[in-house]
Amino acid sequence: MNDLEYARSEVRRHIGNQWEEIVKAGFRLGLAGALLAMLTAVASAEKVLRIEDIPIGELDPAKAADVADSILMFNVYDTLVLANQGKSGVGPLLAKSWKVDGSDFTFTLRDDVIFHTGNPLTSDDVVYSFQRFVALGQGLSHLLRGHVKSVTAVDEHTVKFSLEKPYAPFLTSLTRLPVIDSKSAKANTKSGTFGDNGDYAQAYLTAHDLGTGAYRIVSHNPQEATEFARNDKYFLAFPDGAPDRVTLRYGLDAATIRTLLARGELDISSQWLAPEIMSSLAKEPGMKLVAETSLGNYSIKLNTQRAPLDDVHCRRAIADAIDYQALLSLAKLTNDISSGTPANGPIPAGVLGADSDLPYPKKDMDKARKELKQCAHDPAASKIVISWISEIPVEEKYALLMQANFQELGFKTEVVRMPWAFYTQQTATPGSTPHIGQLFSVPTLPDPDALLYNTYHSSVRGTYASSQWLVDSEVDNLLDAGRATFDEAEREKIYRKLDARLVELQPNIFGYNTKTVRVVRDGIHITPLEEKGKAYSQAVVNLMFRNITIK
Amino acid sequence: MELLRVVSARLAGIILVLFGTSLLIFGIARIIPGDPARIALGPEASQEQVQMLRERLHLDEPFGAQYIEFLKDLSMGDLGTSLYTQRPVVQDISTALPATFELVFAAGLLVLLLGIPMGVLSAHWRDRAGDHVIRLVALLGVVTPSFVWAVLLMLTFAYFTEILPAAGRLSQSVSPAPLVTGMYTLDAAIAGRWDILKDALLHLILPAVALAMSGIGQIARLTRASVAEIYQATYIDMARAYGFAPRRIAMKYALRPALIPTLTVFGLDFANMLGGAFLIEQVFGWPGLARYGVQAILHKDLNAIVGVVLVISAFFLIVNAIVDMAAAWINPRIRLSGPAV
């Protein structure tokens with residue numbers, strides 16, 4: 001064998017060995033694949049729920065404000081009381097009962113509640129959670145801040161709240177006070193600006209869970225996804241088919257959501273999809289639309305401090321010129337489901353004080369022209385700036401509809417697109433607030449105060465919610481009285497008066513009452529929303545995973 | 001010593017530019033409309049709560065005092081807390097940056113591996129059918145916006161055929177390999193977890209291709225133009241006259257000088273992709289820095305805006321410096337005419 005032949009044989013031998021290795025590796029890979037497939041099959045017996053919402057998911061429950069934060073809060077943490085199913089008011093959750101004595105509320109806690117950390121629930125945890133919630137001053141802490149004089153742990157399972165003065169929304173406000181494990185929080189406190197409480201465990205609670213909720217956190221990235229696992233030590237029973245694991249993904253694009261739903265990789269969409277996408281998805285096999293009465297509304301805010309809308313007759317004139325049917329038709333998703341229902345005032349049907357006897361507004365040009373004659377401003381000499389939020393494309397359609405309607409009355413109009421951040425800045429002064437703003441409002445509590453006080457009380461002007469800049473002593477008095485009255489019948493009378501007064505003053509055009517609609521895959525059953533009489537009277541609570549079942 | 005001097009000079013330049021950028025973006029972030037405290041707390045927060053947050057963020061202090069406070073924190077590696085995520089900005093960036101790096105590196109690799117050969121082949125087949133096809137593909141790559149590519153690719157490969165995953169960095173049933181770099185593919189390779197690597201690569205394909213399409217087209221067109229021009233040079237005629245093989249002429253004598261403008265443009269494109277990946281990250285649910293940056297701007301999250309801009313600027317400057325040095329290494333005329341600063 002010469003050198004060349006030797007080299008060739010070596011190469012052949014080497015390649016031959018390699019092939020042998022490749023075959024062996026392929027065999028090993030195949031075996032691993034088969035094992036993996038078996039494991040996957042076992043794992044797939046688990047009930048897994050996949051949902052999505054917009055970022056970010058704030059895990060610290062004291063900072064929860066948006067929908068994603070609230071989904072996290074209501075599933076990972078519990079509150080003393082919870083909105084009732086199928087009726088207004090609140091019922092027990094961590095508190096099994098309570099007594100009211102004037103402005104003192106004494107709660108008796110359940111004694112079978114264990115935190116995810118393993119610590120049992122005590123009244124000290126409630127006291128700490130309240131103090132932390134108010135001290136941080138974020139999320140929905142304004143609901144309790146300034147209204148509570150003291151909170152004391154009477155004994156291990158009794159806690160007493162004393163109010164500064166009568167505050168009717170107090171009990172419903174407690175539905176936004178999540179209870180955290182104070183022992184673990186204190187053990188994970190870093191130095192900070194809250195004296196002995198350091199940073200109040202903010203750094204820890206942004207990434208970890210110290211709750212008692214039906215689901216515990218497995219992993220959390222506030223911009224990407226949160227993974228949950230069922231808490232098998234939960235104090236309430238789970239229905240058959242409740243998810244074992246849940247993935248909440250944040251910030252998916254509409255096209256991606258559509259693809260994931262079609263591929264069976266997503267079960268429930270957020271409420272933020274464009275109506276045309278929802279309509280289109282509703283036609284796809286294996287998908288359905290599920291609506292939730294949000295107790296909120298879409299309102300067109302009129303700046304009562306800028307001419308010509310500083311004159312109530314001009315405000316009423318443009319309100320009569322609006323084509324309400326066209327507004328509602330833009331909210332329609334299918335023949336059966338719409339994200340809007342007609343509104344007849346500022347308080348949506350289902351909320352205390354809503355007056356079904358008030359007439360529903362409709363386009364009436366004769367009435368509009370009569371009102372316009374009484375207005376001190378000449379419409380031809382008045383320009384109305386109609387703004388719409390660039391992040392909410394449907395508002396542009398509404399703005400163009402308004403432009404066409406107002407021009408019928410002879411008003412000059414200008415449609416202006418504003419990014420949300422810019423709009424919030426513009427509404428800080430009456431001079432910079434556009435004549436017309438649009439807002440979708442959902443009350444944070446099942447209470448009229450949550451929807452009305454921050455919108456109409458003169459003391460809170462200067463935010464995007466109160467961009468009407470309304471000043472009316474009667475409205476202020478009624479709002480204050482509504483807050484201070486515990487008797488429900490009496491409160492109802494107050495809010496009905498307020499309802500009528502706001503319709504008379506017309507600081508808003510009451511567009512429609514809103515419904516929250518989501519695309520849901522067949523096989524997923526959201527019990528509170530799909531079974532009559534089981535809906536909770538509070539936004540997002542209906543999405544508690546323990547009330548969802550998977551076939 | 002010469003190399004050390006060049007690198008030091010370049011580094012000093014980078015620090016100076018970063019300082020100027022920080023001052024500029026610190027000012028611009030405060031001009032963007034909206035009160036960050038009010039946006040963060042919502043309409044229902046009391047004026048007292050808003051004021052508390054403004055004080056905590058030093059927003060009531062003069063611009064100079066705010067900037068000095070920022071520099072003090074920055075010197076300790078602290079970019080403040082994000083109002084949007086409520087987490088330290090450094091932590092947010094360190095989570096989002098590897099995801100974007102992974103995407104941009106993959107896209108950059110595709111640009112080089114596909115763009116340059118397409119350009120060389122196109123010049124080689126000048127005015128023949130192959131040239132026309134490549135030019136058409138390159139033109140399509142350049143003129144079609146990246147989000148259109150993203151949606152088209154997703155529809156084709158994830159919606160209709162379900163060959164590739166539609167979104168995310170890993171399948172829901174797969175956990176990432178132990179964290180080393182934050183880039184899932186690299187971490188999986190380091191850990192020897194080929195199942196995770198395969199899953200991560202499958203997730204990477206669509207976003208990386210969508211992001212790379214414009215760069216591939218641009219680099220192919222540029223390489224073609226440069227190589228075609230060099231093909232007219234007399235030394236190429238001389239090589240042909242000597243009877244050198246066409247492949248040798250293309251790869252050794254034409255491509256190397258043609259690479260200089262290509263590399264410069266590639267460097268700019270590569271750095272641009274870091275900030276410009278927003279739409280791709282949005283469509284494919286990729287939790288990267290570009291998406292984080294846009295959300296920060298929309299929420300007027302001052303600390304996050306400044307942090308993201310600084311990181312992207314630093315990356316841009318570093319890539320440019322590397323490209324300049326690479327160009328000097330490739331072209332002796334640049335190298336010998338003075339330091340690449």
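Visitor: Is B:Leu140 buried, partly exposed or exposed?
Guide: B:Leu140 counts as partly exposed because its relative accessibility is 42%; buried means under 20% relative accessible area, exposed over 50%, and partly exposed in between (1.4 Å probe, protein chains only). The model is predicted, so local features need pLDDT of at least 70 and side-chain atom pairs pLDDT 80 or more, while totals for chains, interfaces and linings use all residues. Residues are numbered from 1 along each chain as its sequence is written, chains are lettered from A in the order written, and side-chain values use heavy atoms, without hydrogens and water.

Visitor: Which helix is B:Leu140 in?
Guide: Helix H6 of chain B, residues 129–143. Helices are DSSP runs of H or I with at least four residues, numbered from the N terminus.

Visitor: Switching to the interface, how many residues of chain B are in contact with chain A?
Guide: 39 residues of chain B are in contact with 44 of chain A, contact being heavy atoms within 4.5 Å.

Visitor: What area do they bury?
Guide: About 3700 Å² between them, 51% of it on carbon and sulfur atoms. That is the accessible area (1.4 Å probe) lost on putting the two parts together, summed over both.

Visitor: Which helices of chain B supply at least two residues of that side?
Guide: Among them are helix H2 (36–41), helix H5 (89–124) and helix H13 (289–298).

Visitor: How many salt bridges across it?
Guide: The rule finds 0, looking for a side-chain nitrogen of Lys or Arg within 4 Å of a carboxyl oxygen of Asp or Glu.

Visitor: And what share of chain A is buried?
Guide: Buried residues make up 57% of its 551 residues.
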